[in-house]
Amino acid sequence: MKKRKAMKKLVAVLAVLAGTLAAEPSQAAWPERPITMIVPFAAGGPTDVVARIVAENMSRTLGQQIIVENVAGAGGTTGITRAAQAAPDGYTICMGHMGTHGAAPAVYPELKYDPVKDFAPIGLAAGTPIVIVARKNFPAKDLKEFVAAIKAGGDKLNEAHAGTGSVSFTTCTLFNSLTGAKPTRVVYRGTGPALNDLVGGQVDYMCDQIVNLVPQIQAGTIRAYAVALPERSPALPDVPTTKEGGLAEFQVSAWNAVFAPKGTAPEIVKKLSDALQKALADAGTRKRLLDLGGDLSATWAQTPDGLQKLVTSEVARWNKVLKGAATPAAPAAAPAPKK
């Protein structure tokens, strides 16, 4: 009888031990299924382009596919809100940027997330300089003539952007305020659709991230007036800087970065960060980003701690620039093509 009881106890102990041992490999095996990366804009825009290039390389390192899911709306805050509220299990991450994690608090009083407190930062993916572009048949020959034309045109001219708080909205708000322009601001669900209408001549101009524009500028389907950098971009060597064009005070570069929901386990954050840094060190991935005009020089922000510092500083910076900026009404549809 005593032997039977002892055997039962031994079997019970072994069962518990077996369960514990079985659980440990499961935790260590993350990721065991595909990971979703939420991109808070429509496909084809700059954030989407950067996300897909980086995700492709990270997938190989992690051994599981990173699936890009486009969740557009409200200047990117719809998708980022979803990411903030996702389970912190490492299977949902997002590609945020200067708008969603810098400017948004200044223009969305009811924002449902805090860029500083509600995320586990993974790392900076790429800096993305801003370029001022217009429809290909816009009559101004250089930036000085362009500024004069948009000031004179007033609300008869149409400026496209990807929603209040987005990079295109934020940077063109600054540009318009520096130049005194007061255009009609046409809202899209991403700069991909906005760029399509710029190519088609339905809108007059926009401020956008360089990675979205290089192919169209090189093809001559849109016209570039200036890149908002101290020096010309290697990706667009023929496009002058804003300083060369007489608007030196408009120098701004956006950025895209990877985040996970707050509470994601530190070991998962580390694996994601390591995979991102490996992607950015890969010659092929770097070439794809650099050829599109991406800036990979801010290596200090490619770590979780570095990205956290960047977000904190960007929220403070854009709060000063945008606090009190009026939120424009969106026209029901883009206007007719310009002749």
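F138, F146, F175, Y205, Y225 and F250 form one aromatic cluster. Before we look inside that cluster, here is how to read the values. This is a predicted model, in which local features need pLDDT of at least 70 and side-chain atom pairs count only at pLDDT 80 or more, while totals for chains, interfaces and linings use all residues. Residues are numbered from 1 along each chain as its sequence is written, and side-chain values use heavy atoms, leaving out hydrogens and water.

### Aromatic rings

Rings of Phe, Tyr and Trp (its six-membered ring) pair if their centres lie within 6.5 Å; planes under 30 degrees apart count as stacked, over 60 as edge-to-face and the rest as tilted. A search of the whole structure finds 10 aromatic pairs. One of them is formed by F138 and Y225, which sit edge-to-face with 6.4 Å from centre to centre and 80° between the planes. This pair links distant parts of the chain: F138 is in the loop between β4 (119-135) and α5 (143-153), whereas Y225 is in strand β8 (residues 222-227), 87 residues apart.

Are F138 and Y225 buried or exposed? Both F138 and Y225 are buried. Here, buried means under 20% relative accessible area, exposed means over 50%, and partly exposed lies in between (1.4 Å probe, protein chains only).

Now for another pair: F146 and Y205 are also edge-to-face, at 5.4 Å centre to centre and 85° between the planes. F146 belongs to helix α5 and Y205 to strand β7 (residues 205-209), so the pair ties together parts that are 59 residues apart in sequence. F146 and Y205 are both buried.

### The strands around β1

Strand β1 (residues 35-39) is mostly covered, with four of its five residues buried. Which strands pair with β1? Strand β2 (residues 66-70) pairs with β1 in the parallel sense over five bridges, and strand β3 (residues 92-97) runs parallel to β1, joined by three bridges. Two strands are said to pair if DSSP finds at least two bridges between them. Looking at individual residues, I38 has E69 in β2 as its bridge partner, and M37 stands opposite I93 in β3. In a regular strand the side chains alternate between the two faces of the sheet.

Together, β1, α2 and β2 make a right-handed β-α-β unit. Right-handed describes the crossover: with the strands pointing away from the viewer, the path from the first strand over the helix to the second runs clockwise.

### Salt bridges

Side chains of opposite charge can pair when their charged atoms come close. A salt bridge is a side-chain nitrogen of Lys or Arg within 4 Å of a carboxyl oxygen of Asp or Glu. How many salt bridges does the structure hold? There are 12 salt bridges in the structure, and the table shows some of them.

| Salt bridge | N to O distance |
|---|---|
| R60 and E56 | 3.7 Å |
| K141 and E145 | 2.4 Å |
| K270 and D274 | 2.8 Å |

R60 and E56 both lie in helix α2 (residues 46-62), four residues apart, which is about one turn of the helix. R60 counts as exposed because its relative accessible area is 55%, while E56, at 41%, is partly exposed.

K270 and D274 share helix α9 (residues 266-281), where they are four residues apart, about one turn of the helix. K270 is exposed, with 52% relative accessibility, and D274 is partly exposed, with 38%. Salt bridges that share partners also join E56, R60 and R288 into one network.

### A closer look at T179

T179 is found in helix α6 (residues 167-179). Why does T179 count as buried? T179 counts as buried because its relative accessibility is 6%.

The side chain of T179 makes polar contacts, reaching the backbone oxygen of N176 at 3.3 Å and the backbone nitrogen of A181 at 3.4 Å. A polar contact is a pair of N or O atoms within 3.5 Å; within protein, one must be able to donate a hydrogen and the other to accept it, and residues adjacent in sequence count only if both atoms are side-chain atoms. Leaving aside neighbours within four places in sequence, T179 is in contact (heavy atoms within 4.5 Å) with V147, I150, K151 and L247.

Key: Helix = DSSP H or I, 4+ residues; strand = E, 2+ residues; numbered from the N terminus.
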